[in-house]
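I want to look up how the parts of this structure are divided and where they touch. My notes follow in the order in which I looked.

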Amino acid sequence: MSSRGPRVYSTRAIVLGQREFVEAAKVITILTPDAGKQDSVAKGILKPKSRLAGHLEPGTYCDLELAVARNLDIIREAQTISRFRSSQQNLMRLTTLVYVLELVDKYTVDGTGSDLFEPLLMTLERLDRGINLSAVVHGFELNILEITGFRPSLDQCIHCLSIVDSVQANWSQDGGGIVCGSCVSVIPNTSLIESRVLKVLRAYQSWPYEESARIAIDSSLEGQLSRVMHGLMKAFAERDIKSADLLEEISWRTESSNG
Amino acid sequence: MTFGNQGPILGNTNPYGGSSPINRLVSAFHMLPGIGPRSAQRLAYHVLRSPASEAQELASALLDVKENIILCESCQNLAIKSPCNLCDDNGRSQDLLCVVEEPLDVVAIERTGDFKGNYHVLHGVIAPRSGVGPEDLKIDELMKRLRSSDDTVKEVILATNPSTEGEATALYLAQLIHSLDLKVTRLARGLPTGSDVEYADIDTLGRALEFRHEI
């Protein structure tokens, strides 16, 4: 009998993704409140009578029982707590769900990200309610940047740290914040950021969700917010975030079809 | 593709050396989906014990499939000619089009014997985590096919898997196809035969209740 601790443990988890593994097994990437992101194995999940299959789809919030193994822990039991069904039935919300999962996946490595569990769970619940997607998504993007140490500077110039008025602000995606008029010549690749975009981002960053969700966002403003935030998320992740492009395409198409 | 340079699949106990023909064959089998190192070893030793004619038949079948299988220009399914036998079959209903993820899904639906319409194979689903976007699938071909069908297609059945990625792909396609004023349907969802209600996930059980039918 080993004295190295329990061989079986239970945890709540949010499924971030799946990938094919050997035989009928899959590797399931989960985010847990204690261990953060981890890969685990679901044996036999591809078999028609698998008791795990329906409980381990990406975006599922579930209770898991895992057995400690030498490499990847093995999922013995899974029970769905919520599948966020409303989000699963709406293209915009489902793509947004896929986007937030991809963000968590890209901004964490194995064994990190436990402090993202509650914000992610709250975001999935809000997404499921479908009220003010803009505040939900951009609030989560700013939250993830804050937790992972990339908090964008939306009040102070990233170079001289002076307070910048929202009317005259320049934006540096690579620098991660705004640049004052005096410093714009020394920071490469800046562009003007519209006053109302900056004001909304400041609100999303500092107000509680209940208040920021009351801000009315029209489609043109949302388009600009998405472009700024997607650019920032890709720049800090230092790799492409494919679902961000898909989200923009779907928003654009939905907007066009609504005239 | 260099099977022989994948490292010693047989581990440190490999008595044949990293690039021996046996290890190369094990590595080649190991590259196949769902084949782990032990299964790869079993298959390799089976080939080794088999008569040379069987090994030749296997090698010839592998080459044959790579050289002679093409994509049907209409349904995008794997075929030996284009249009394929299914698309060429005048007995099939032209007003039903079933959109599936993979060629094997066509085989599965054909096995039921309940569907007599045509197919369109996407060759995947939208899976941003794996870097697969709509542009990587046969979606443009599907839309071209529907636009040029002169109203013969009346209903498009979206038969992607009931997974998160399959649902996202179905919703994405539904939005595109609705703009053509066509009826779009989705495969029903419920409990598989032989399963346990007790162990069903809440999504499946919820949908099974939602789409219950009178008997």
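Domain bounds, as I use them here, come from an automatic or database domain assignment. I also note at the start that this is a predicted model.

**Entry 1: the domains of chain A**

I looked up the assignment for chain A and found domain 1 (8–82) and domain 2 (85–257). I then took the C-alpha centres of domain 1 of chain A and domain 2 of chain A, which lie 29 Å apart. Next I turned to the contact between these two domains. Domain 1 of chain A puts in 16 residues, and domain 2 of chain A puts in 16 residues.

Which strands of chain A each supply at least two residues of the side of domain 1 that touches domain 2? I found β1 (8–20), β2 (26–32) and β3 (36–42) of chain A. β3(A) gives the most to that side of domain 1, with four residues. I sorted the residues on this side of domain 1 of chain A by class and got seven nonpolar, six polar and three charged.

**Entry 2: the domains of chain B**

For chain B I noted domain 1 (3–68) and domain 2 (91–210). The centres of these two domains of chain B, taken over C-alpha atoms, are separated by 36 Å.

**Entry 3: where the chains meet**

I looked up the contact between the chains, and 27 residues of chain B are in contact with 28 residues of chain A. For this, two residues are in contact if their C-beta atoms, placed from the backbone, lie within 7 Å. On the side of chain B that touches chain A, α7 (164–178) and α8 (202–210) of chain B each supply at least two residues. α7(B) gives the most to this side, with six residues. By class, I wrote down eleven nonpolar, twelve polar and four charged residues for the side of chain B that touches chain A.

**Entry 4: a sheet in chain B**

I followed an open sheet of four strands in chain B, with the order β4-β3-β5-β6 and parallel pairing. Why is one side of β4 and of β6 of chain B left without a neighbour in the sheet? β4 (118–121) and β6 (183–186) of chain B stand at the edges and each has a single partner strand, so one side of each has no neighbour there. On average, neighbouring strands of this sheet are turned by 25° against each other, direction ignored.

I then looked at one pair of strands. Strand β3 (residues 96–100) of chain B pairs with β4(B) in the parallel sense, over four bridges. In this pair I found Val99(B) opposite His120(B), which is in β4(B).

Notes
Residues numbered from 1 in each chain as written. Chains lettered and ligands numbered in written order. Predicted model: local features only at pLDDT ≥ 70, side-chain atom pairs only at ≥ 80, totals over all residues. Nonpolar A, V, L, I, M, F, W, Y, C, P; charged D, E, K, R; others polar. Pairing = 2+ DSSP bridges. Axes fitted to C-alpha atoms, helices over the stretch in contact; angles between N-to-C directions.
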